[in-house]
There are 2 protein chains.
Amino acid sequence: MSKEITSRHQDYAQWYNDLVLKGELADYSAVRGCMVIKPYGFALWENMRDALDKMFKDTGHVNAYFPLFIPKSFLSKEAAHVEGFAKECAVVTHYRLKNDPNGGGVIVDPEAKLEEELIVRPTSETIIWSTYKDWIQSYRDLPLLINQWANVVRWEMRTRLFLRTAEFLWQEGHTAHATREEAIEETEKMLNVYATFVEEYMAVPVIKGVKTASERFAGAEDTYCIEALMQDGKALQAGTSHFLGQNFAKAFDVKFLNNANQQEYVWATSWGVSTRLVGALVMAHSDDQGLVLPPKIAPLQVVIVPIYKGDEQKAQIDTKVKEIIEHLKNLGVRVKYDDNNNNRPGWKFAEYEMKGVPVRLALGARDLENNVIEVARRDTKEKKTVGLDGIAQYVSGLLIEIQYNLFEKAKTYRDTHITQANTWDEFEKLLDEKGGFIAAHWDGTAETEEAIKEKTKATIRCIPLDNLKEDGKCILTGKPSTQRVLFARAY
Amino acid sequence: MSKEITSRHQDYAQWYNDLVLKGELADYSAVRGCMVIKPYGFALWENMRDALDKMFKDTGHVNAYFPLFIPKSFLSKEAAHVEGFAKECAVVTHYRLKNDPNGGGVIVDPEAKLEEELIVRPTSETIIWSTYKDWIQSYRDLPLLINQWANVVRWEMRTRLFLRTAEFLWQEGHTAHATREEAIEETEKMLNVYATFVEEYMAVPVIKGVKTASERFAGAEDTYCIEALMQDGKALQAGTSHFLGQNFAKAFDVKFLNNANQQEYVWATSWGVSTRLVGALVMAHSDDQGLVLPPKIAPLQVVIVPIYKGDEQKAQIDTKVKEIIEHLKNLGVRVKYDDNNNNRPGWKFAEYEMKGVPVRLALGARDLENNVIEVARRDTKEKKTVGLDGIAQYVSGLLIEIQYNLFEKAKTYRDTHITQANTWDEFEKLLDEKGGFIAAHWDGTAETEEAIKEKTKATIRCIPLDNLKEDGKCILTGKPSTQRVLFARAY
């Protein structure tokens, strides 16, 4: 496969696909809409998963595992939920194949039809709340703070690697509480966990907000979200945390004896992030030469390439590199020595640039004589000759600087792409010419929201949590409004 | 729920179920044959998974993720494979539900029928080898050493928590090699990884061997296995590693250019262990008071229970316990302080005994005066008063001793339950009265193997790798045999 990448300027969507495929993060599969996550992409996801998992555990959550299948009738129990999730899903109707009597391989055995169809989980509120009914009797059983790492399936018609696939990997937290206040507190706490993770590990700045009623999770009373901005000026929802009220407790009859000895319905939250975050990461930082990965979650943080002629030079370089690697590993750095002699140094440089490895070290015989090494950072493409003494410490510090720089760069871009619009013309012009988030007044009705979406494909991404109150007029209808909301075209 | 456990003697199967349910490892679910893995059970699985994952990575493997669904036609491509796996499986036939026009909730939309049905993976050889075709061109692309952690579904008719469930969690390694020898070496290497894990972490001794032709994985040239012995004298297959020859490469046309510049089919292995191991762990060590968990993988290694009257005593104990916990954590020990004042110490003792926590410390006001603490080990139920100075070091050493003791105890039981039988009468009598592995001569035919299974329900568990050659006569047919094989009734 050619390592040529389409430039962002030329075709942003193709640039993204090139990065995912040629950067070896994922591949298409033989199953419509499902992707294969390749080892390099999976290592990235593992780093993200492990960091999140630790944050969940540090905030008192435990992991569990619930069934892949949901009985069809369960989906119907919560009225809004079924509208949102029962439509495009994978339906298991039979449990056996048999040999085709006409010799055409195997066919579905018509006698093995399930009495009730099973849905491959698109999300697990229903199966989990049907279980919680058995686990919760009294206030002493609360709160229940459970998370699950799992695969889910939504039969999307138009799919894109990582961003929208029929099957994807995610985590879903499902918590149960004795009071409304405690559940809301949990919803906000987990939103903050997500924001911290995306900003500190992925180096992607986010805006915390709440969704409008029409963008809410099906079955939620309130959906909180974090919204990020991609380099093409489109927004991407990076995580959601839902306050579910007592909706699922009522649907599955989950009551508890409160400390006043009365039966009461349990309060719920759910929250999730998925492999979609990998897509966000790619689009937030990468450039026309390939992936740019933040050091904290990069599968490989440093690669070392030897430059030599003959075995003698190679042996000398090997000795020094071995020493550097030992120091780097002691500092917790993920490092690889690529001394494969099938490929030339230039080929390797391009390869690791494509893969987004944050720091590349190149060591030649002349460098060794001068007690120096060449250090190249992926983010700025800056190259520098650095003394070999204390090189591990230097690189370790550089990784921190790169992480910081990526965040600052993305934040500057994001901050300069939040623009106020005060008239409809301004709004349309900004959307088409500048992109990004547009802060504008809206009259608060679903009709206007829908009309704006129809006209421009822009949606209300969120009402920021730290929003200022400000009187104004709706950009479309001119009706009165008390605050600006953030519009954008989105993934 | 009552914490009473049926004794092993009374009803072994019920004892096992009691432990799994009352020890809070798992629960039944609303979906036939699928279980819910509860937080305590999942924490145990996480410890097992993490230890295995590290061993896989240390032997050069990387993780990836392949689709949940397998097109029906893929299963038919390898003749033996389809016979083994296409029969009892979950079949997705539709991709949409719609509102019932007659108002009966949601129904399957007949217009959303898939052109080709999708099978929920029972194992992933087919989808993975269809992908490897695109990834492998030359010997430089080999070996490919990939593992996947995933859920799989096999529509079992009779299910038991952990031991046999319709959906279960597992890992499946799928490797590709340039030569037959290298693939066989990999098959054996991973069998050894499994044996090391089960013996050193789970403290369960295993016998390494190969399966007879009729017990082989569907599509394998050779299936290696590790076999463990449960306390009721029944065997349990704890892991398998398959040498697949070129069967899947031929089925999916996966060839590579070898270093002599010729096209050749790729050689394959696959290997897996599953949540079934949790069932094996429970049955190997537990007793009539509850679970007994090996320290290395126990979610909680030490629990500390305070015994006090009044706030002043409590405060003094708290201070000391805080210090002990800090020391234990520094030594890497997983410890919990249970000072919940809703439950009395006696209740807590029974609870942690049920949960199999390896070490329990109880600290009272009098103990504090005497500078001692009560240490109770779960494995031997021995209680001892130990000086408080250096208690963390003592406990840390005790955990190692318990791990060792559990293995030795299980090994002694296992070793005394490998018995030679030289006649059919002896064979039947041993099976019914003693159980365990029976080393007996077999004429090497599938017919005899089947006949013995029909008569006794015993199967050939394996031909041990370190088997001695010895001339003898088949216990059933009297025909000549060159070695003994291990028979047992099995899970």
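Strands β11(A) and β12(A), the latter spanning residues 235-245 of chain A, pair in the antiparallel sense over eight bridges. Here strands (E, at least two residues) and helices (H or I, at least four) are DSSP runs numbered from the N terminus. Two strands pair if DSSP finds at least two bridges between them.

This is a predicted model: local features need pLDDT of at least 70, side-chain atom pairs count only at pLDDT 80 or more, and totals for chains, interfaces and linings use all residues. Residues are numbered from 1 along each chain as its sequence is written, while chains are lettered from A and ligands numbered from 1 in the order in which they are written.

**Around β11 of chain A**

Strand β11 (residues 222-229) of chain A is mostly covered, with seven of its eight residues buried. A residue is buried if 20 or more other C-beta atoms lie within 10 Å of its own, exposed if 12 or fewer, and partly exposed in between; C-beta atoms are placed from the backbone.

**The nonpolar core**

The largest nonpolar core has 299 residues. Such a core is a set of buried Ala, Val, Leu, Ile, Met, Phe, Trp, Tyr and Cys residues joined through C-beta atoms within 7 Å. Ala228(A) and Ala228(B) have the most contacts inside it. Two residues are in contact if their C-beta atoms, placed from the backbone, lie within 7 Å. Leaving aside neighbours within four places in sequence, the contacts of Ala228(B) include Val198(B), Val204(B), Leu236(B) and Ala284(B).

**Two copies**

Chain A superposes on chain B by a rotation of 180 degrees with 0.0 Å of shift along the axis, at RMSD 0.0 Å. That is the relation of a two-fold axis. In chain A, the C-alpha of Val92(A) is nearest the axis, 2.1 Å from it. The same surface serves both copies: 100% of the contact residues of chain A recur in chain B. The superposition is by least squares on the C-alpha atoms of residues with pLDDT of at least 70 in both copies.

The contact takes 55 residues from chain A and 55 residues from chain B. On the chain A side, strand β5 (residues 88-99) gives the largest share, 10 residues. By class, that side has 34 nonpolar, 11 polar and 10 charged residues. Ala, Val, Leu, Ile, Met, Phe, Trp, Tyr, Cys and Pro count as nonpolar, Asp, Glu, Lys and Arg as charged, and the others, Gly among them, as polar. Strand β5(A) pairs with β5 (residues 88-99) of chain B in the antiparallel sense over five bridges. Arg96(A) stands opposite Glu88(B) in β5(B).

**Domains of chain A**

An automatic or database domain assignment sets the bounds. Chain A has domain 1 (12-73 + 121-285), domain 2 (302-405) and domain 3 (418-488). The centres of domain 1 and domain 2 of chain A, taken over C-alpha atoms, are separated by 38 Å. Their contact takes four residues from domain 1 and four residues from domain 2. The domain 1 side has two nonpolar, one polar and one charged residues.

**Single residues**

Asn247(A) lies in helix α7 (residues 247-251) of chain A. Asn247(A) counts as buried because 24 C-beta neighbours lie inside 10 Å. Its C-alpha is 9.9 Å from that of Lys77(A), 170 residues apart along the chain. Leaving aside neighbours within four places in sequence, Asn247(A) is in contact with Glu78(A) and Gly219(A).

Ser214(A) sits in the loop between β10 and β11 of chain A. With 13 C-beta neighbours inside 10 Å, Ser214(A) counts as partly exposed. Not counting residues up to four places away in sequence, Ser214(A) touches Ala446(A) and Glu449(A).

Backbone angles also deserve a look.

| Residues | Feature | Angle |
|---|---|---|
| Leu142(A) and Pro143(A) | cis peptide bond | omega about -10 degrees |
| Leu142(B) and Pro143(B) | cis peptide bond | omega about -5 degrees |
| Glu24(B) | positive phi, not glycine | phi near 60 degrees |
| Lys457(B) | positive phi, not glycine | phi about 70 degrees |

Pro143(A) is in the loop between α5 (125-135) and β8 (144-153) of chain A. Glu24(B) is partly exposed, with 18 other C-beta atoms within 10 Å. Lys457(B) is exposed, with 12 other C-beta atoms within 10 Å.
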